[in-house]
Every structure is written in C-alpha cells, then in structure tokens.
Amino acid sequence: MKTQHKHFLLILAIIASVSLPPVICYQRYVKSLGTHSSSTSVKNGSTPTGKGNKTSESHGNEADKTHISEGDTSQTDKQDNCNDFLILIDPGHGGFDPGKVSPDGIEEKKINLEISLKLQDALATKGFSVSLTRDSDRSLNSLDAGSKKSSDLHYRTNRAAELNADLYISIHQNSYSAEYVHGAQVFYYSTSSAGKCLAETIQQYLISDVDPGNTRMPKGNSEYMVLVESPCTAVIVECGFLSNSQECLKLCDPEYQTRLASAIAKAVKAWYDSQT
Ligand SMILES: [Zn+2]
C-alpha cells in the first residue's frame, strides 16, 4: 500500500508540474499544443490556410476578460515580432458608392477613408505591416463588371488573398431610421473564433477609450460578403451612426477619428499578443 501511495503522490506531482495552456483564444490554444501543420505555418495568430478562421470552436467568456489586461501588460510593444503580420485595412465604399449618407449629406465613404488612414498610422506605429484597399475616393470594381457593387466587394477580399494578409479590417459607418440609435459595433464571421475574439477586444476598447456610454455588443454575421469571402480573420468595425446628429458630428471630427483609430489599434495589438 505504501508503494502504491508513493506512486499516487508521484503521479499527482507530475500532473501539478505540467502547466496547461491558458484558454485565451482557440488559435493560441492550438499553437501551444503544436497541432497545426508544419507545412502551412500559422502566421502570428492568423490561420494556416486562411479559411481556418471559420471553424466552430467555442470561445470561453473567461478568455474575453483577459484581453484588455493582457494588452495593458504588453505595452512594451513587441514591435519586432509583428512586422511580418500584414493587416489589410478596407475603407468601405468609395467612388460611385457613397455608403450611408447623413441627413446633412455627410457621406460614409469619406469618413471611412479618414479613419482608415489614421488606423494605418496607429497600426504601423505598433509595428504591424499595413496595407489599404484604397487610399483615395474611388471604387474598386473592374470596369467591365456586370455588377459594379459585387465586383467592388470581391476586389476587397481578393486583395487580402493576393497579399496573403493575416487580418482584414473593414471600416464602416452605420445608419438607422430612428435618430436616437448610436454607438460603434464590431461584426465578425459567425463561426470564426479568432474573429469573435478580436471583435470582442475591439468592442471593449471602443467603449473604454472612446465611448463609455456605448452598450453595444459585438455581433456574429454569416451574410456580409466581405466576412464570408475573406481568406483570413476578418472584422467589420461600424464606428458609429451617421443618422444620429451628435454622433455624426463626432465622426467627422479628426480628433475623434484619431481616438477611434487608436482604440482599434490597441485592441488589435492586445489580441495579437494574446495569440502569440
Ligand atoms: Zn458601409
């Protein structure tokens, strides 16, 4: 019996000495277990094949609470670690397509571009490689396209594939018939655990750093074409409602735009750090 007892204690000691990986995000969990294919290496939290972001693994609530604190403790910014992580920023609409238009005639496409350019700077400052689908007021459809809108949307996600981007961030503004509706909201592909994790982190930072009164929650979606077709982890950030006069004024303000961009960039870095 004594020998058996010793064995039992020894087994307990071995179990206690093995540190299990924290359940932060599914991809980090997978990486720590080393289960991804070595022939299709995971690029800093992106998915090996790009389509892997549409897996259906669950994502625990405990993990959500860790994101901001993790980001805050990594403010030393491991810049040299993320310069091979390519983020494609997609300012929604452009050219013939104004997107949503406020009652005063403010066009979404213009604000999308202004915020995207600021986000480009903020992410580059954190050490990421960044590219834009457009950096001027133009549409992205092919000239001979039957449907300009469809061609325009296809170009955006095709660009992510061409560049072998690790992350796709689409910037938009919202609108609604009821004027009082307001607040930024982040969308992700419904079954993407990495997308959900990132969307939750961005939503948290948009609330804490920009608009503490915003009660919106990130939302899964399986119909938005850019989320469906993105070859890598993707989110759509709706920065606010042009139909709300107060929020529309803020969205046009360069200083407010910088705060939005900074919050998104901080969230991306916190999410990135949680993945690597
Ligand atoms: Zn839009």
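1. A quick definition before anything else: a residue is buried if 20 or more other C-beta atoms lie within 10 Å of its own, exposed if 12 or fewer, and partly exposed in between, with C-beta atoms placed from the backbone. By that count H93 is buried, because it has 26 C-beta neighbours inside 10 Å.

2. Some housekeeping. Keep in mind that this is a predicted model, where local features need pLDDT of at least 70, side-chain atom pairs count only at pLDDT 80 or more, and totals for chains, interfaces and linings use all residues. Residue numbers start from 1 along each chain as its sequence is written. Helices (H or I, at least four residues) and strands (E, at least two) are DSSP runs, numbered from the N terminus.

3. Now the sheet. Six strands make up an open, mixed sheet, in the order β2-β1-β3-β6-β4-β5; two strands pair if DSSP finds at least two bridges between them. On average, neighbouring strands are turned by 25° against each other, direction ignored. Axes here are lines fitted to C-alpha atoms, for helices over the stretch in contact, and angles run from 0 to 180 degrees between N-to-C directions.

4. Two pairings to look at. Strands β3 (residues 167-174) and β6 (residues 233-241) run parallel and are joined by seven bridges; S170 has I236 in β6 as its bridge partner. β1 and β2 also pair in the parallel sense, over four bridges, and there L88 is bridged to S131 in β2.

5. What covers β1? Six of its six residues are buried, so the strand is largely enclosed by the rest of the structure. In a regular strand the side chains alternate between the two faces of the sheet. Here L86, L88 and D90 are buried on one side, and I87, I89 and P91 on the other.

6. Helix α5 (residues 148-163) lies across β1 (86-91), β2 and β3, at about 165° to β1. Contact means that the C-beta atoms of two residues, placed from the backbone, lie within 7 Å. D152, L153, R156, T157 and A160 of α5 are buried, and their cover includes β1, β3 and α7 (225-229).

7. H93, in the loop between β1 and α4 (108-125), has a positive phi near 65°. Just after α5, N164 has a positive phi of about 55°; N164 is partly exposed, with 13 other C-beta atoms within 10 Å.

8. Last, α9 (residues 254-275). Of its 22 residues, 16 are buried. Helices α4 and α9 pack at an angle of about 45°, with axes 8 Å apart, and are therefore oblique to each other (angles under 35 degrees count as roughly parallel, over 145 as roughly antiparallel, 65 to 115 as roughly perpendicular and the rest as oblique). E114, I115 and K118 are among the α4 residues that meet α9, where the partners include Q257, T258 and L260.
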